[in-house]
Amino acid sequence: MKTFPLGGIHPEENKLSTAATIEEFPLPKQVTIFLNQHLGAPATPVVEKGEKVKIGQLIAKAEAFVCANIHSPVSGSVNKIDSVKDMFGIYKNAIIIDVEGDEWVDTVDLTPTIVKDIKLSKTEIIDKIKEMGVVGLGGATFPTHIKYMIPEGKKAEYLIINAVECEPYLTSDHRVMLEHTEEIMIGVSILRKALGVEKAYIGIENNKPECIAAMTNMATQYAGIVVEPLKVKYPQGAEKQLIKAITGRNVPSGKLPIDVGCVVNNVGTALAVYDAVQKNKPLIENIMTVTGKALAQQHNYKIRIGISYNDIIEHIGGLPDDTAKIISGGPMMGKAIVNLEAPTTKGASSMLVITEKEAIRAEEKECIRCGKCMEACPMGLEPYLFSALINNGNIQDAIGEKLMDCIECGCCMFTCPANKPLLDEIRFAKNKFRQTMMQQQKK
Amino acid sequence: MILAAVIVLGSIGALFGLLLYVIAQKFKVIEDPKIDEISEVLPGANCGGCGKAGCRALAEAIVKQGNTEGLKCPAGGNEVAAKIAKIMGLEAKEEEPVVAVIRCSIACSANEPKSHYQGMKSCAFAHSLYVGESGCGYGCIGLGDCYNACQFDAITLDPKTGFPIVNDDKCVGCGACVQACPRKVIELRNKGIKNRRVYVSCVNKEKGGVARKTCSNACIGCGKCAKACPFDAIVIENNLAYIDYKKCKMCRKCVAECPTGAIVAVNFPPKPQAQPTDTNENNDK
């Protein structure tokens, strides 16, 4: 069985919610839609205060290159367009909509029939994906259509679908693969057509045998789609690691997957593409895992964007007493939520409730140069050296040691016996370097 | 035998000596002796307050430019400026000494922190992640980046809140802390007569209601102070008042007018009508 060769770790899997079927999350009274649902520039609002909107109506338009359209997830009237605190407590512009009824725009196909015929042409598909505001649902929320605008002189050979879900706790992709198998296959076929390739690989880690079985079974009807079971190892879901595991190709430092002929998309994105192209349904909801060791019940919700974390907590019946931290995303790369009034966004794949025992960071000690961080690093870097250089204020030398290649997976910090905040230091230095570069460009 | 050795080695020595001399003449670097002289009088802390890489870099820049326009050693102050002017054959300009001022009240530390931070001890890193424990996205984070940047031991940190306290006597106004602060909370202001200063102790640019919700001592940009000021020293920009210390005559009318107590006056003798916050600020002396 395949996997990537360099580094990697095996954190406790804790996939508690694998058996929980996807439930529809009830509509709240009010939703808050950030204009920055995605990576890149914020979208420009096209609705005004007091305007009536329907579900699926365009409310903010993408004007910059790296940007995605935003559609209303509810029907109702626009309460106001104002700056609202996001989950880190930072004010960002958002459209606030009061929910009234449940009325969709006419163009969306709401029937449960599965549409197999792909009628649109290659460019029409990409335009449709762009129009429907589809972004990568693996976590980075990069606008999907940009990945399919292949730069001149480069050629795509493989489409790789990331169904690895290597982060502990998360099960949204797991449930999607079991409950929407056929839609995913059609979605993958659409993406293949958009890319102009025949071959598509779906990488699934072998801790999800029922997903592998269901997908392999379905793939027999779709020539060219290969389900590739992978050995369990974190961070296999990282783009470069997944390409290495499946194709054996190395993405060189500072290059993109397309430079080695690959395009990688998440399995959730494939489903969103199916909805967008075949059903004309914009990206207004995603699958979210609500889990935690202390929670009495584990859930996988189909949830509209813009619902606040407080609404979710209320719906699951409050938080357990020893909750210390709530994380959006997985425990390895997710981010702690500071402001629970903040709404969910397109990329919110999970709400993870962490107990006090799990959340505590152990006391930091001196580095003993054991080299465990080097062994664990999937990019072949030397985190202990970065730490030493950064603490001496020598970021320039750290950059020379390929600091910018770091994918921030957190393996080094996970494995460090001295509990050094290695990833914090690396992120700090990367930020600082980007700022300096921006300042120099301005000059 | 000995003679042969002396002749061979001697001639090799003479040959290389000549070679070195020729090379030294051909690739001679002519350096202005003034650079060395100026380097001598500079403090030598390499604090970077002048914006150059170090003291020698400043000396080189001054000599290259020929005058001290836009180049000065903030740490050395007027004394060093006078010495440099003498070396350069210029007339020294007296400049008012400046001091680092923390434009944030510690009002938030009286409240429960809204979150707990466990990461790397660095304001810059915490700032890149989120608003900080206080819940204010503009104010002091309290992890001591300014303390680490100060080369002159002028900043001490409050052990409980991590809030920096500037020692006016030790601070040379080099501006290293201003550069280090990721939120630009610290400003260089004139030292003032007997260290007396009036300033807006807040940098929150949010609208009034929002700013007030985060901090009881926030500037809400109401403009009362600007109306009260008889010298037009106060401007309101981005919902935030700023007192221009060059125009301020320290009448302290604005201090009494401010509804949130965001304007503070430090080191004034206690006055019956003065705000109670004034005296609190004096405690660090």
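**A residue, some pairs and an interface**

Modeller: A:Q241 lies in helix 6 (residues 239-247) of chain A, where helices (H or I, at least four residues) and strands (E, at least two) are DSSP runs numbered from the N terminus. This is a predicted model, in which local features need pLDDT of at least 70 and side-chain atom pairs count only at pLDDT 80 or more, while totals for chains, interfaces and linings use all residues. Residues are numbered from 1 along each chain as its sequence is written, chains are lettered from A and ligands numbered from 1 in the order in which they are written, and side-chain values use heavy atoms, with hydrogens and water left out.

Biologist: Is A:Q241 buried or exposed?

Modeller: The classes rest on relative accessible area, with buried meaning under 20%, exposed over 50% and partly exposed in between (1.4 Å probe, protein chains only). A:Q241 has contacts, meaning heavy atoms within 4.5 Å, with A:F4, A:P235, A:Q236, A:P378, A:M379 and A:I407, not counting residues up to four places away in sequence. Because its relative accessibility is 4%, A:Q241 counts as buried.

Biologist: Which backbone oxygen does the side chain of A:Q241 reach?

Modeller: A polar contact is a pair of N or O atoms within 3.5 Å; within protein, one must be able to donate a hydrogen and the other to accept it, and residues adjacent in sequence count only if both atoms are side-chain atoms. At a distance of 3.1 Å, the side chain of A:Q241 reaches the backbone oxygen of A:P378.

Biologist: How many residues apart in sequence are the parts that A:E239 and A:K147 tie together?

Modeller: Their side chains meet in a salt bridge at 3.7 Å, N to O, the term standing for a side-chain nitrogen of Lys or Arg within 4 Å of a carboxyl oxygen of Asp or Glu. A:E239 is partly exposed at 31% relative accessibility, and A:K147 is partly exposed at 25%. A:E239 lies in helix 6 of chain A and A:K147 in helix 2 (residues 144-147) of chain A, so the pair ties together parts whose separation in sequence is 92 residues.

Biologist: Is A:D424, which meets A:R361 in a salt bridge, buried or exposed?

Modeller: The side chains of A:D424 and A:R361 come to 2.9 Å, N to O. This pair links helix 14 of chain A, which holds A:D424, to the loop between helix 9 (356-359) and helix 10 (372-376) of chain A, which holds A:R361, 63 residues apart. A:R361 counts as partly exposed at 35% relative accessibility, whereas A:D424, at 4%, counts as buried.

Biologist: What is the area buried between chain A and chain B?

Modeller: Here 16 residues of chain A are in contact with 15 residues of chain B. Buried area is the accessible area (1.4 Å probe) that two parts lose on being put together, summed over both. Carbon and sulfur atoms give 64% of the area between these chains, which is about 1,300 Å².

Biologist: Which residue of chain B forms a salt bridge with A:D82?

Modeller: Side chains of opposite charge can pair when their charged atoms come close. The count between chain A and chain B is one salt bridge. With the closest N and O atoms 3.6 Å apart, the partner of A:D82 is B:K207.
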